[in-house]
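Student: Could we go through this model together, starting with a pocket?
Tutor: Gladly, let us take a look.

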Amino acid sequence: MRVSILFLLLVATTFAAVPPELTTALKAFRAEPPRGWSFTQTTVGEGRSTVERCDAAKPEFERWSLVEKDGRAPTARELATYAENRSRRSRGGTAPSIIDQLDLTSLERISDTAENATFRCALRTAEAGDKTAQFLRATLVLHKPSQTIDSIELGSTGEFSPTLAVTITEMKTTMSYSRPRGDVPALPQKVTTRVRGTAFWFKSLDADMTVTFSDYKRVGKR
């Protein structure tokens, strides 16, 4: 009984360390654009680029369209391949939630101003066999007046080897969001990823990618 009470006290103390405004922000947080919003998604990386449009007014499996590929109009074959790939993705599972991966028991406040507070914490493994999360830390920037997340960064703490013969010297993903205004919620603005590393001691794994979201439009009733 004494051990159980001690455990409950430790749990209560841990979660009490999470500020109420951060708890509110995490509950409302959406990594992707919310339902009911159309938007344009532009992806640039490795010398390639794509521009896609998500039309929330269309049926779920018809919402995405390829607008531009590598700075030009897509060919008929590229459109057919795109549609098939999108169909496969729709039939796939749901990606793990970033918020569910945050280990809030390790939360620490890095900085604090009247407008923003910055926190850092470890990550839980997303799934069996995940050997990357333990080498990453999440940095969250909270906008205190609106109680929303300005950005989340998942960054490596140093060099690591997730698998045999693979060495990662740097890994970082940063997601930024707009602040809510009026009846417009916080919306994704940009995602950047950076990887530096090698495989089998000579093959470069260096990669950079940027995804930007624009031309948001609300569809349906407010």
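Student: What volume does the second largest pocket have?
Tutor: This is a predicted model, where local features need pLDDT of at least 70, side-chain atom pairs count only at pLDDT 80 or more, and totals for chains, interfaces and linings use all residues. Residues are numbered from 1 along each chain as its sequence is written, and side-chain values use heavy atoms, with hydrogens and water left out. A pocket is an open set of points on a 1 Å grid over the protein atoms alone, where a 1.4 Å probe fits, with protein on both sides within 12 Å along at least five of seven lines. Taking the space filled by probe spheres set on the points, joined across faces, edges and corners, the second largest pocket comes to about 210 Å³.

Student: Which element gives the most to the lining of the second largest pocket?
Tutor: Lining residues have an atom within 4 Å of a point, and this pocket has 15 of them, with A28, F29, R30, T148 and A186 nearest its centre. Helices (H or I, at least four residues) and strands (E, at least two) are DSSP runs, numbered from the N terminus. Both β7 (148-156) and α2 (20-28) supply at least two lining residues, but the most, three residues, come from α2.

Student: Is A165 buried or exposed?
Tutor: A165 sits in the loop between β7 and β8 (166-177), and its phi is positive, near 70°. Buried means under 20% relative accessible area, exposed over 50%, and partly exposed in between (1.4 Å probe, protein chains only). Because its relative accessible area is 13%, A165 is buried.
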